[in-house]
Amino acid sequence: MALAGTTGVAAQDTPARVGYINSEAIVQQAPGYQEAIQQFQTELTSMEAEFEPRAAELQQMMADYDAQALALSDTARTMREQAILQKQQQVQDEANAMQQQAQQRQAQLMQPVMDRVSEAIEAVRIEGGYALIFDVAAGGLVAADPALDLTETVVARLSAALPGGER
């Protein structure tokens, strides 16, 4: 019982080291970030180019309907409207699928960068003896002493991990 009380007192006597980072700034400076973003933009442009003809086809269907609506019989008009609605749903479904695919690809391209950032943060935490490191980008930090900002330390750690220290 006495030993447990002593340990608690000793732990209270040693203040826990605390620091904070700006993960957005770190990620943007992390090795591989720019390349991942460029790769994603290239792939996204390709996806959009592949999708464009389907969106244009829908626009053409709607324009044709608008131009011919008065000359169509009620049955023909109803059939055209249903075809347009089906095409709209198809285009919307494809757009949603493309957006989901793009998000997955972006996450896939960024994962190695995020892994390196996490490793660097953890290394700084261990080496510096920090009990806690907060992230200002996550919005949980309201005010802090700038001397506790470890952002540049983590960025330096990331750079040092590369051969030749290059970004």
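Predicted model: local features only at pLDDT ≥ 70, side-chain atom pairs only at ≥ 80, totals over all residues.
**Exercise 1.** Describe the largest nonpolar core: how many residues does it have, and which elements give two or more residues to it?

*Solution.* 
Step 1. The largest nonpolar core has 31 residues. I26, V113, V117 and V154 are those with the most contacts inside this core.
Step 2. Two or more residues come from each of helix 2 (23–29), helix 3 (33–68), helix 4 and helix 5 (151–160).
Step 3. Among these elements, helix 4 gives the most, with eleven residues.
Step 4. Take I26 and set aside its neighbours within four places in sequence. I26 is then in contact with I21, V117, T151, V154, V155 and L158.

**Exercise 2.** Which residues of helix 5 are buried, how are they arranged about the axis, and what covers them?

*Solution.* 
Step 1. The buried residues in helix 5 include T151, V154, V155, L158 and S159.
Step 2. Viewed down the axis of helix 5, the buried residues fall within an arc of 140°, so they line one face of the helix.
Step 3. The cover over these buried residues includes strand 1 (17–21), helix 2 and helix 4.

Methods. Residues numbered from 1 in each chain as written. Heavy atoms only, no water. Core = buried A, V, L, I, M, F, W, Y, C linked by side-chain atoms within 4.5 Å. Buried < 20%, exposed > 50% of the residue type's maximum accessible area, 1.4 Å probe, protein only. Helix = DSSP H or I, 4+ residues; strand = E, 2+ residues; numbered from the N terminus. Contact = heavy atoms within 4.5 Å. Arc of directions from axis to C-beta.
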